[in-house]
Amino acid sequence: MLSRRHVIGAAAAAAGAAVFFDPTKVMRFLEAAPKDAGKAQDEDFWSRIQRAFTVDRSVVNLNNGGVSPAPAWVQAAQKRHLDHANELPPHVLWREQQPRVEPVRRRFAKAWKTDPEEIAFTRNASESLQICQQGIDLQKGDEVLTTTQDYPRMLTTFDQRARREGIVVKKIKIPVPCEDENEIVKRFEAAITKKTKMILMCHMINLTGQVLPVGEVTRMARTYRIPVIVDGAHAFAHVDFNLEDLGCDYYGTSLHKWLSVPLGAGFLYVKRKNIPKIWPLFAEADKEDTDILKLNHTGTHPAHTDLAIANAIDFHNMIGGERKEARLRYIQNYWTDRARKMDHLIVNTPVERRRSCGIANVGIKGMEPTEMAERLLEEYKIWTVAINRGEVRGC
């Protein structure tokens, strides 16, 4: 394993901020910081950012991708909205708060350079993606193409349709790690047949942190008139990109991951021409077939969480997407560069910088991932996720 000195050094870099914080001071600091401040190795800058969060400083949490902590400032905003709603729920929720979600949705679309009429807020990535997976018509014998490394919930969704409707689910394998993105495009294309009706792919694979070439796969699939659904759960607000640059037909993600919105927020992007092709998970009678909002009708909904998205966008924008990406990549490379030099370790994440960011996967030869995760937690108070799935073994 890494030496105790390296582990403790990394822990200090990740959790060395003061326990006490003042979110207002953090926000003032961000507003006043020069645009060139906060380079990836600027520990003074990033220690101030850490003080915006109320995280447990006794544990080094390396699973921020599961559910990220929300900054105290964003938590406070959500609580204010919730307290207000409880003063007179039917009036505040439906007459005051729900209408205020619409400007947030439009602001969100502007921030990631897309049409607000192509954006719907949901509760998480699973809901966003299943709206597409379950809502697009398929016939018996139709094929959907994905990978063995896609998220289990999404694979299970297609497997259920296979049992119920007789569709065919084809799963290609991606090398671990994969340094050649053209190889990924080739493997997708080689698996396409005349019966292929849909492609599902990750933007960033949660198992290894591998960033997939979404734009290249989308352009290839377009020549076959095959729509692409992108699982952006771990890429959105993690790597810096715009939705219009990807060119995909559908994109779903959780916002309580890398955007640091409080738990229970997600969004779905659907290219405008495809909106009429999707059946909502929950029947909607009051919206036109071409209205994106037909897809997020889930009954009484916690508007206080949706409203807090605006505050999370502020926090993200004040840091800057490019600056945030650079910092996350620097932290990952801080330990993976050392790990790659150790013969008893296996790093399952690409070396090429642009093919990964904050997430990485490492295994110890001869040790089960579960044992590795348990020892990291018990001996070093480092929280990781054990991965033991097919071609990926590590933490």
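In the predicted model, D180 lies in the loop that connects β4 with α8, and its relative accessible area of 37% places D180 in the partly exposed class. Although D180 and P213 are 33 residues apart along the chain, their C-alpha atoms are separated by 9.9 Å. The loop between β4 (168-172) and α8 (181-191) also holds P177, and the peptide bond that leads from V176 into P177 is cis, with an omega near -15 degrees.

K113, which is not a glycine, has a positive phi of about 50 degrees; K113 is placed in the loop between α5 (89-111) and β2, and with a relative accessibility of 48% it counts as partly exposed. A237, likewise not a glycine, has a positive phi of about 65 degrees and is found in the loop between β6 (228-231) and α10 (243-246). The relative accessible area of A237 is 3%, so this residue is classed as buried, the cut-off for that class being under 20%.

Strand β2, which spans residues 119-122, is covered on both faces, with I119 and F121 buried on one side and A120 and T122 buried on the other. This arrangement can be read against the general rule that side chains in a regular strand alternate between the two faces of the sheet. Strand β2 runs antiparallel to strand β8 (residues 266-270), and the two strands are joined by four bridges. Within this pairing, F121 stands opposite F267 of β8.

F121 and F267 also belong to one aromatic cluster, whose other members are F108, W112, F236, F241 and Y251. Across the whole structure, 13 aromatic pairs were found by the search. One of these pairs is formed by F236 and F241, whose rings are arranged edge-to-face, with 6.1 Å from centre to centre and 80 degrees between the planes. The edge-to-face label applies because the angle between the planes is over 60 degrees. Both partners are shielded from the probe to the extent that they count as buried: F236 has a relative accessibility of 0%, whereas the relative accessible area of F241 is 11%. A contact between a charge and an aromatic ring is also present in the model, as the charged end of R338 sits over the ring of Y334, at 4.3 Å from the ring centre.

Empty space in a structure can be located by rolling a probe the size of a water molecule over the atoms. The second largest pocket of the model has a volume of about 460 Å³. Its lining is made up of 17 residues, of which Q98, L293, N296, H297 and H301 are the closest to the centre of the pocket. Helix α5 makes the greatest contribution to this lining, providing six residues.

Conventions. Residues are numbered from 1 along each chain as its sequence is written. This is a predicted model: local features need pLDDT of at least 70, side-chain atom pairs count only at pLDDT 80 or more; totals for chains, interfaces and linings use all residues. Side-chain values use heavy atoms; hydrogens and water are left out. Rings of Phe, Tyr and Trp (its six-membered ring) pair if their centres lie within 6.5 Å; planes under 30 degrees apart count as stacked, over 60 as edge-to-face and the rest as tilted. Buried means under 20% relative accessible area, exposed over 50%, partly exposed in between (1.4 Å probe, protein chains only). A charge sits over a ring if NZ of Lys or CZ of Arg is within 6 Å of the ring centre and within 35 degrees of the ring normal. Two strands pair if DSSP finds at least two bridges between them. On a 1 Å grid over the protein atoms alone, a cavity is a set of points where a 1.4 Å probe fits but cannot get out, and a pocket is an open set with protein on both sides within 12 Å along at least five of seven lines; lining residues have an atom within 4 Å of a point. Grid points are joined across faces, edges and corners, and a volume is the space filled by probe spheres set on the points.
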